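Hi there,

Here is the structure I promised to pass along. Please have a look at it first, and then read on for what turned up.

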Amino acid sequence: TLGHTPLVEQSLTVELLFGDWFASLTRARFNALLPYATATAGMIMVILMMLLTWRSLERKRFNLQFLFLFAANFLALMLTLSRMPILAFFLSVLLISLLRVRYPLLWIFISLFLFFLMGPWIGNLIDMVLDLRPASTDVRFALYRYTLQQIEGADWILGRGLKPIEESAFIIPIGSHSTYLSLLFRTGIAGLFIFICFQIHLLIRWYQLRVAAMQSPEVFLFWQGLGWIFVGMILWMLTDDIDAPQLLAFVYFSMVGVFEGFRRRL
């Protein structure tokens, strides 16, 4: 029997649609491929980035197959009602697209300056997005606070090793809903530091290939697609766990492996 382990049950069964509260109404939420909707959204986000890269490499003015696949996957992404994957998709595409222009670091600095300048309006927009699913938002922040409260003494350095389920407080494991917080809880500052260094090192090595990649349009488009995935996943992991959705973890780290082969070939 599956017992009372939600992740195991969700990993072995498929629930295509389920009802969830969103924007003051109960709406159907898409959930396939992975254990839960936010993981499904992360997977679809990566698929959309792959589709955009494939479309760019094809260089066709009109591709009916691409339009159908992209529209279907984009609709599926929106139907997951998962806010961070949707935001991560648009932000990563926007940020990496800035690297196509001349003096990209200057444009990134200008974008950040405008972002802080528009702080009040962006703050209102963030509040509106958070209020779309207020119960989910409240549970997440409560879980984050509770997780940090459970870390004491040497646990801050080496972590607690596992994520227990305290049914009296939450129905999900302590330290969930954020890869970075999960690493802090299980492996302490040491484990979190190593993973962040891995992410930074990956991005630095990816960015160092920019000039070499720009020598060929096809190579540059492939390089850009990898950047979309890396930045999108960094954002996605802020609010979800990479170790829980097995297929997404496999695809993400496979892309890291593809990048290593691409870097050595280039």
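**Salt bridges**

The count of salt bridges in this predicted model comes to four. In general terms, side chains of opposite charge can pair when their charged atoms come close.

One of them joins the side chains of Asp241 and Lys163, with N to O at 3.3 Å. Asp241 sits in the loop between helix H11 (217-236) and helix H12 (246-265), while Lys163 is in the loop between H8 and H9, so this pair ties together parts that are 78 residues apart in sequence. Asp241 is also buried, with a relative accessible area of 3%.

Glu260 lies in helix H12 and Arg205 in helix H9, so here parts that are 55 residues apart in sequence are tied together. Glu260 counts as buried, at 14% relative accessibility.

**Backbone angles to look at**

Leu81 is not a glycine, yet it has a positive phi of about 60°. You will find Leu81 in the loop between helix H3 (64-79) and helix H4 (83-97), and it is buried, with a relative accessible area of 9%. His177, also a residue other than glycine, has a positive phi near 70°. Its place is the loop between helix H8 (155-158) and helix H9 (179-208).

**The chain as a whole**

For orientation, the protein chain has 12 helices and two strands. Along the sequence the pattern is α-β-β-α-α-α-α-α-α-α-α-α-α-α. Of its 266 residues, 42% count as buried. The chain exposes about 15200 Å², and carbon and sulfur atoms supply 71% of that area. Among contacts with a separation of 6 or more, 69% are between residues 24 or more positions apart.

Key:
Residues numbered from 1 in each chain as written. Predicted model: local features only at pLDDT ≥ 70, side-chain atom pairs only at ≥ 80, totals over all residues. Heavy atoms only, no water. Helix = DSSP H or I, 4+ residues; strand = E, 2+ residues; numbered from the N terminus. Buried < 20%, exposed > 50% of the residue type's maximum accessible area, 1.4 Å probe, protein only. Contact = heavy atoms within 4.5 Å. Areas by Shrake-Rupley, 256 points an atom, 1.4 Å probe, with all protein chains shown as cover.
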